[in-house]
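Keep the picture beside you as you go.

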Amino acid sequence: MTGDALAVEDLVVSYGNRRDPLRAVDRVTLRVARGETFGVIGESGSGKSTLVMAIAGLLPVARGRVRIAPRGGDLTDAPGSVGRDGQVQVIFQDPMLALSPSLPIWRSVAEPLAPTSFRVPTRLRARAVELLRQVGIGPELAGRGPAQLSGGQRQRVTIARAVAADAPLVMCDEPVAALDISLQAGVLRLLDDLRERNGLTYVFVSHDMTSIARLADQVGVMYLGKLVEAGPVRAVLREPRHPYTQALISAVPTVSSHARARRRALLPGEIPDARRPPSGCRFRTRCRFAQERCAVEEPVLGAGEAHQVACHFWPEIR
Amino acid sequence: MPRARPSAGLIIALTVLIGLLLAALLAPWVAPYDPLAQNLDNRLAGPSGAHLLGTDQFGRDVLSRLIWGGRNAFGGVAIAVGVTFVVGVLWGTVAGYWPRYAGTTLMRLADIMIAFPTMVLAVAITGSLGAGLVTSMVSIGLVLSPNTAQLTRSGVLAVRQQQFVQSARLSGVRTPVILARHVLPMALRPVVVQLTIYTGLAFVIQGVLSFLGLGVPKPAPSWGSDLSDAYAQILSAPAQIVAPGVLLGVVVLCVYRVGDALRDRMSTGVVRTERTEDDLIVA
């Protein structure tokens, strides 16, 4: 099967009450091809986690729609349930929080195999242990609680659980941000292997450009609930068009002194209050190139192009 | 993690409680006399070889009455704590897992009940149900249950948003299973500790209700009514009050000692609070 595994259309996710809503995700549209990884980058508060939680059905959609293609099927409107009737799994940032502290890990992994039974059947233990082995956790650890594992092992357990659920679409919400640097590469490699072997499609949220560059095929950049730039990962990371993306990329700390000498695009100030976003272009209050037009007219992502950017002046500021 | 060795105090407390419970259960064999047998020739006697704790105003053996009274005390407290547990945990779980409408209503109800003084409410409920061991202990359970409901609710409320609960929901696990498997094991930790405190409290309240004549009907042996009988004789035989009073005090202290130990054990492995997104450092 070819085609898209996920289509998000005009999605709005709001927090708070109706009188004073906070639009954490504001009219986001994106498509993810089957078997690909769509990276989402942005600062804290940009709405990237909210986006994937809404796709997974953990947060209500205020407007727009989420369409998901089941295995071997075409895009259809996703059911409103949590997990979209088993089609979406989420790998959270901190595996310590994502694993039940009162269960041995094999039970957590076996749970999606028998979601309706009251007790996790012991006959599923062998299957759970096999899934754990696939993510590099030996059978001798299967009876342990999450607190008795290392951070990297824990995240592997949550990955095994996501595999057990056999959902075609997996949301990875900063899956390695809580791990030691030395463990991150292994977990990323595991995620990529599983995607290939099981034909999974990922939406991968991260603020770490390196992991995005390694895993993602396409990437979207979010700022204050809006998608401001999207396109193939190479194009976006090598030739960022939006001033925000440029600032983000130049802010990546590097160890080499050569790179440090390069001039950085400055990103002054804090992200504005999402309840009262700036008029026009939301980034204008922190943009070096902002002009009068930016305050009046909201730039939109150019439809139809591979590399899209929501900026009035991007050809001039490149 | 290695468990700490139980302290001497804990061992003593457990020994006393288990000993008293066994004595109450085995009362027909352990008690030296019939608790109801009167001997009006030997009233208000002090301790002696024949009567280790002396006799009361009807010449009944105090020790035998206390042993038999333990049945009512332990049984009654079990009823009270059982009612508190079942009612309070159900109440709090529903209120915590569906906080919007059900939760608000149920918690306002709890506030109203808590606003009444505990004893006044317990006496009122017992009065309306009719005096007796079971009704008085059920009413004590009901009066204490809104507190348990509040504690359960706050635990459930905190756990239900945890990612391991969300992960279970993502996998299609049904709500009752999620509650039993993921939510309650975490949320009930503080409740277990609270219930040991209520166990001690229930002994006292039961004594008070019996003292007021709302518990076990006389002449059946009961620590509270024995205390009230002794109190009636306080001017003529002040020593009468010692045995039942000390016993009640010791039992409550022992229960609290066990509660302390439970609390220490339960407080490890508490739920961590949720972490926010790591900040992206922007130069």
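## A glycine to start from

Gly35(A) is partly exposed, with 17 other C-beta atoms within 10 Å. Here a residue counts as buried if 20 or more other C-beta atoms lie within 10 Å of its own, exposed if 12 or fewer, and partly exposed in between, with C-beta atoms placed from the backbone. Gly35(A) sits in the loop between strand S2 (22–33) and S3 of chain A. Helices (H or I, at least four residues) and strands (E, at least two) are DSSP runs, numbered from the N terminus.

What does Gly35(A) contact, leaving aside its neighbours within four places in sequence? The partners are Gly199(A) and Thr201(A); two residues are in contact if their C-beta atoms, placed from the backbone, lie within 7 Å. Gly35(A) and Met222(A), 187 residues apart in sequence, are 22 Å apart in space, C-alpha to C-alpha.

## How to read the model

This is a predicted model, in which local features need pLDDT of at least 70 and side-chain atom pairs count only at pLDDT 80 or more, while totals for chains, interfaces and linings use all residues. Residues are numbered from 1 along each chain as its sequence is written, and chains are lettered from A and ligands numbered from 1 in the order in which they are written.

## The sheet of chain A

Chain A holds an open sheet of 7 strands with mixed pairing, in the order S6-S7-S8-S3-S9-S10-S11. S6 and strand S11 (308–309) of chain A are at the edges with a single partner strand each, so one side of each has no neighbour in the sheet. Strands pair if DSSP finds at least two bridges between them.

Strand S3 (residues 37–41) and strand S9 (residues 218–223) of chain A pair in the parallel sense, over 4 bridges. In this pair, Ile41(A) stands opposite Val221(A) in S9(A). Helix H1 (residues 48–55) of chain A packs on the sheet, where it touches S3, S6, strand S7 (169–173), strand S8 (201–205) and S9 of chain A. The direction of H1 makes about 150° with that of S8(A); axes are lines fitted to C-alpha atoms, for helices over the stretch in contact, and angles run from 0 to 180 degrees between N-to-C directions.

## A helix with a buried face

Which residues of helix H4 (residues 125–134) of chain A are buried? They are Ala128(A), Val129(A), Leu131(A) and Leu132(A). Seen down the axis of H4(A), the buried residues fall within an arc of 160° (taken from the directions from the helix axis to the C-beta atoms), so they line one face of the helix. These buried residues pack against helix H3 (105–110) and H5 of chain A. Just after H4(A) comes Gly136(A), with a positive phi of about 90°.

Chain B has 11 helices and 0 strands, and its C-alpha trace spans about 95 × 45 × 35 Å along its principal axes. Of its 283 residues, 44% are buried. UniProt, in an unreviewed entry, lists residues 70–259 of chain B as "domain: ABC transmembrane type-1"; its positions are in the numbering used here, feature names are shortened, and annotations may be inferred rather than shown by experiment. That span is 83% helix and 0% strand.

The contact between the chains takes 34 residues from chain A and 27 residues from chain B. On the side of chain A, the elements giving two or more residues are strand S6 (88–91), helix H2 (95–98) and helix H5 (151–165).
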